[in-house]
Amino acid sequence: MTYQTRARQAELSRPANEDFKRSFSSWFWGSVIAATVVHFVAFAAWPEMSVAVADTVEPETRIVSMPKVEVPEPPAPIDRPAFPVISEKIGTDVTIPEVIFEDDLQEILPPPPDNVEEPSPETPHWVPVDVHPYIKNRDEITRALTREYPPLLREAGIGGTTRVWFYVDETGKVTRTQVHTPSGHTPLDEAALRIAPLYEFAPALNRDKPVAVWVALNVTFRPR
C-alpha cells in the first residue's frame with residue numbers, strides 16, 4: 001500500500017469532533033464580524049433616543065418664625081471635694097476623771113413632802129405597777145354575758161359596749177365597780193355591773209409585791 005493511500009485512510013478515520021475543532025476559529029470570527037455589521041446597521045437606521053424630561057413643580061417655600069427661647073445660664077461648677085485633714089495625734093496620757101458613786105442614793109434625794117394625800121380607794125386613780133392584772137376566768141365571763149343579756153335587746157338585735165372600772169385588790173378579787181363609759185342603753189349598763197363582780201384576776205405586781213389597782217375594761221354584748 002502506498003503512502004498516499006494510508007494517509008487517505010487515516011484522514012477518513014478521524015472523528016467529526018476533530019473536524020469541528022479545526023473549523024471553530026473560522027466560525028467564531030465570522031460570527032463576530034456578522035454581529036458587528038448588524039449592530040452598525042441598526043444604529044444607523046433608527047433615530048437617536050432620548051429620555052423625556054418630566055415637568056417638575058417646585059414646592060412652595062414656607063417661612064416659619066420660631067419663638068425666641070431664653071437659654072438658661074449653665075449651672076455652677078461643682079466644687080471639688082475637700083481633702084481629708086489628718087488630726088493631730090492624741091497622746092496616751094489623756095485620762096477620764098474618777099467618778100465616785102454613793103452607796104445609798106436615797107440619802108441624797110430630798111424627802112417626800114408631808115402634805116401629799118393618799119388617793120381614795122373609792123375614786124379610780126393610777127397606781128404604778130410592773131405587772132398588770134389579767135383575767136383568769138374568761139369562759140365563765142362568756143357564759144355570764146349570755147345569761148345576763150337583756151332578752152328584749154337581744155331579740156331586737158341591739159348590742160353595745162359598756163366600759164367599766166374594776167377595783168382589783170391585792171388578792172385579785174374585784175371589790176368595787178362603776179361605769180366608766182356608758183353604752184347608751186341603761187339595761188346593758190346594769191347587766192355589765194352585774195357581771196363585773198364575777199371577774200377573777202391575777203393580782204398586779206409592783207416590784208414583785210401585790211398591789212391593789214383600778215382597771216378599766218370593756219363589757220360587750222353582741223346579738224347573734
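1. Asp208 lies in the loop that joins strand 5 to strand 6; helices (H or I, at least four residues) and strands (E, at least two) are DSSP runs, numbered from the N terminus. The structure is a predicted model, in which local features need pLDDT of at least 70 and side-chain atom pairs count only at pLDDT 80 or more, while totals for chains, interfaces and linings use all residues. Residues are numbered from 1 along each chain as its sequence is written, and side-chain values use heavy atoms, with hydrogens and water left out.

2. The loop between strand 5 (204-206) and strand 6 (209-211) also holds Arg207. Phi of Arg207 is near 55 degrees, a positive value in a residue other than glycine. Asp208 likewise is not a glycine, and its phi is positive at about 65 degrees. Arg207 counts as exposed because its relative accessibility is 75%, and Asp208 is exposed at a relative accessible area of 73%. In these terms, buried means under 20% relative accessible area, exposed means over 50%, and partly exposed is in between (1.4 Å probe, protein chains only).

3. On the overall architecture, the protein has five helices and seven strands. Their order along the sequence is α-α-β-α-α-β-β-α-β-β-β-β. Of the contacts with a separation of 6 or more, 74% are between residues 24 or more positions apart; a contact means heavy atoms within 4.5 Å.

4. On burial and surface, 17% of the 224 residues in the protein are buried. The protein exposes about 20,300 Å², of which carbon and sulfur atoms supply 59%. Accessible areas come from the Shrake-Rupley method with a 1.4 Å probe, and for residues only the protein chains shown count as cover.

5. Which residues of helix 5 (residues 186-195) are buried? They are Leu188, Asp189, Ala191, Ala192 and Ile195. These residues are on the same side of helix 5, because they cover an arc of only 160 degrees around the axis; the arc is that of the directions from the helix axis to the C-beta atoms. As a general point, an α-helix has 3.6 residues a turn, so residues three or four places apart point the same way. The cover over the buried residues of helix 5 includes helix 3, helix 4 (151-155), strand 2 (160-168) and strand 7 (213-221).

6. A salt bridge is a side-chain nitrogen of Lys or Arg within 4 Å of a carboxyl oxygen of Asp or Glu. In one of them, Arg147 pairs with Glu148, and the closest N and O atoms are 3.9 Å apart. Arg147 counts as exposed at 53% relative accessibility, whereas Glu148 counts as partly exposed at 23%. Arg194 also forms a salt bridge with Glu148, with the closest N and O atoms 2.9 Å apart. This pair links distant parts of the chain, with Arg194 in helix 5 and Glu148 in helix 3, 46 residues apart. Arg194 is partly exposed, with a relative accessible area of 43%. Salt bridges that share partners join Arg147, Glu148 and Arg194 into one network.

7. Asn137 is placed in the loop between strand 1 (134-135) and helix 3 (138-148). Is Asn137 buried or exposed? Asn137 is buried, because its relative accessible area is 8%. A polar atom of its side chain lies 2.8 Å from the backbone oxygen of Leu198. Apart from neighbours within four places in sequence, Asn137 is in contact with Leu198, Tyr199 and Glu200.

8. Pro128 belongs to the loop between helix 2 and strand 1. With a relative accessibility of 39%, Pro128 counts as partly exposed. Pro128 and Leu205 are 77 residues apart in sequence, and their C-alpha atoms are 9.0 Å apart in space.

9. A nonpolar patch on the surface is formed by Ile33, Val37, Phe40 and Val41, with about 430 Å² of accessible area together. Patches are made of residues with over 30% relative accessible area and no salt bridge, where like charges are joined within 9 Å and nonpolar side chains (Val, Leu, Ile, Met, Phe, Trp, Tyr) within 5 Å. Val37 is partly exposed, as its relative accessible area is 48%.

Notes: Polar contact = N/O pair within 3.5 Å; in protein donor to acceptor, adjacent residues only side chain to side chain.
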